[in-house]
Amino acid sequence: MKNMLRRFLLLLPLLFLTSCFDILDKVNMKADGSGEYSLILNASKSKTRLASLSKMETVNGKKVPKKAEIEAKINETARIFKSVPGISNVKTSMDFDNYIIKLSCNFRKIENINAGLEQLKTKNILGKMIPTQIYNNNPAKKTFSRNKINTFKSDYDKLSSADKEVFNNAKYTSVLQFENTVKSQSNSSYQLSPNKKAMKLEGNILDFILQKKQIQNTVLFQ
């Protein structure tokens, strides 16, 4: 169960040695359903601590991943995404001075991202309980959906106090941008932009793990 939660973050086990990090995922979707997806893991607020920890072999009984291991994992993720039909222009960047890692790609339809995440799960880069069927787009009904994720409360409750502290100040932000204009949405926690073509959801990662804040949303376009 602990391994499942440690894999809640894509690719960066080093982040689990600090509680001050941010995750940003972004979808920019055109009217025809194609678009761009990006994921950014940012631990720059903890770069001094992480630089010190990276020189150690273990911390609190956990092996500290080395730069080469992290690079290999990111490159493997990029390779897997490149192999998924409908996904193209896969790019990664790794800033080990500021501890910022980025992954981006283009998709023909948003469900291609689901397929990419499913492949990461198959290759054991994502934990088996991590949801992969996250997005759906239905042009005929003019709807876009972010699907509900399972609660990890029972798994979180079994973690040690030290492991729980990792999530205390961790932040998650989701940004959705559309070419079409939003008519309505089912989750008012998403902040809608004045032009009604973008929305943002943000909060503590722990709130999403325990489902104190919901991620699911159904967007209806004009």
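**Entry 1**

I take helices (H or I, at least four residues) and strands (E, at least two) as DSSP runs, numbered from the N terminus. The model is predicted, so I note that local features need pLDDT of at least 70 and side-chain atom pairs count only at pLDDT 80 or more, while totals for chains, interfaces and linings use all residues. Residues are numbered from 1 along each chain as its sequence is written, and side-chain values use heavy atoms, with hydrogens and water left out.

The side chains of arginine 79 and glutamate 76 form a salt bridge at 2.9 Å, N to O. For a salt bridge I require a side-chain nitrogen of Lys or Arg within 4 Å of a carboxyl oxygen of Asp or Glu. Arginine 79 is partly exposed at 44% relative accessible area, and glutamate 76 is partly exposed at 28%. The cut-offs are under 20% relative accessible area for buried, over 50% for exposed, and partly exposed in between (1.4 Å probe, protein chains only).

**Entry 2: the other salt bridges**

How many salt bridges does the structure hold? I find three. One of them joins glutamate 202 and lysine 200, with the closest N and O atoms 3.8 Å apart. Glutamate 202 is partly exposed at 36%, and lysine 200 is partly exposed at 31%.

Aspartate 25 forms a salt bridge with arginine 146, where the closest N and O atoms are 4.0 Å apart. Aspartate 25 lies in strand β1 and arginine 146 in strand β8 (residues 143–146), so this pair ties together parts that are 121 residues apart in sequence.

**Entry 3: around aspartate 25**

Is aspartate 25 buried or exposed? Aspartate 25 is buried, at 7% relative accessible area.

I then looked up the polar contacts of aspartate 25. Its side chain makes one with the side chain of tyrosine 172 at 2.6 Å, and another with the side chain of serine 174 at 3.2 Å. A polar contact is a pair of N or O atoms within 3.5 Å; within protein, one must be able to donate a hydrogen and the other to accept it, and residues adjacent in sequence count only if both atoms are side-chain atoms.

Leaving aside neighbours within four places in sequence, the residues in contact (heavy atoms within 4.5 Å) with aspartate 25 include Tyr37, Leu39, Tyr135 and Val175.

**Entry 4: the sheet**

Strand β1 spans residues 22–29. The open sheet has seven strands in the order β5-β6-β2-β1-β9-β12-β11, with mixed pairing. Strands pair if DSSP finds at least two bridges between them. β5 (87–95) and β11 (191–192) stand at the edges with a single partner strand each, so one side of each has no neighbour in the sheet.

β1 pairs with β9 (residues 171–178) in the parallel sense over eight bridges. The bridge partner of isoleucine 23 in β9 is tyrosine 172.

**Entry 5: the core**

Which residues touch the most other members of the largest nonpolar core? Of its 49 residues, I find Ile113 and Phe144 do. Helix α7 (residues 205–209) gives the most to this core, with four residues. A nonpolar core is a set of buried Ala, Val, Leu, Ile, Met, Phe, Trp, Tyr and Cys residues joined through side-chain atoms within 4.5 Å.

Beyond four places in sequence, phenylalanine 144 is in contact with residues including Met29, Ile110, Leu176 and Phe221.
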